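Here is a short report on one protein model. It goes from one side-chain contact to the overall fold and surface.

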Amino acid sequence: MADRPVAIAEKRLMDVKLGELGTWIGRRDFTPNGLIAAVRRGHDRYYNKYINVKKGGIGGVAMLLAGYVVLSYVWEYDHIKHDRWRKYH
């Protein structure tokens, strides 16, 4: 039973082979409802794996905080770079 072929549209990204990637992306739902559903599934998966556990630690919250710090740095990089060049001139 475990060796049954699975449709490309139902595979997860990590299970898709490189040759199937174009077909897999083409079968994704890029409508607003589809994108909202994808974000909701991702949030549920993250919450159940890192936050909603019996014996939790700080790992899930630390990962979220680290992602926020990196994203903030990327958004402000041009401003930071501009200040760095201007500081001593």
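This is a predicted model: local features need pLDDT of at least 70, side-chain atom pairs count only at pLDDT 80 or more; totals for chains, interfaces and linings use all residues.

Lys11 and Glu20 form a salt bridge through their side chains, at 3.2 Å from N to O. The term means a side-chain nitrogen of Lys or Arg within 4 Å of a carboxyl oxygen of Asp or Glu. By this rule the count is 1 salt bridge. Side chains of opposite charge can pair when their charged atoms come close.

Numbering starts from 1 along each chain as its sequence is written, and side-chain values use heavy atoms, with hydrogens and water left out.

The protein has 3 helices and 0 strands, in the order α-α-α along the sequence. Helices (H or I, at least four residues) and strands (E, at least two) are DSSP runs, numbered from the N terminus. Of the 89 residues, 6% count as buried. Buried means under 20% relative accessible area, exposed over 50%, and partly exposed in between (1.4 Å probe, protein chains only).

| Residue | Relative accessibility | Class |
|---|---|---|
| Glu20 | 22% | partly exposed |
| Arg27 | 55% | exposed |
| Tyr73 | 45% | partly exposed |

Arg27 sits in the loop between α1 (21-26) and α2. Its C-alpha atom is 5.8 Å from that of Ala9, 18 residues apart along the chain.

The largest pocket holds about 410 Å³ of space. A pocket is an open set of points on a 1 Å grid over the protein atoms alone, where a 1.4 Å probe fits, with protein on both sides within 12 Å along at least five of seven lines; lining residues have an atom within 4 Å of a point. The volume is the space filled by probe spheres set on the points, which are joined across faces, edges and corners. Helix α2 (residues 32-51) gives the largest share of the lining, 5 residues. By class, the lining has 3 nonpolar, 2 polar and 7 charged residues. Ala, Val, Leu, Ile, Met, Phe, Trp, Tyr, Cys and Pro count as nonpolar, Asp, Glu, Lys and Arg as charged, and the others as polar.

Tyr73 belongs to helix α3 (residues 59-86). With Val70, Leu71, Val74, Trp75 and Tyr77, Tyr73 forms a nonpolar surface patch of about 650 Å² accessible area together. Such patches take residues with over 30% relative accessible area and no salt bridge, with nonpolar side chains joined within 5 Å.

Technical notes: Patches are made of residues with over 30% relative accessible area and no salt bridge: like charges are joined within 9 Å, nonpolar side chains (Val, Leu, Ile, Met, Phe, Trp, Tyr) within 5 Å. Accessible areas come from the Shrake-Rupley method with a 1.4 Å probe; for residues, only the protein chains shown count as cover.
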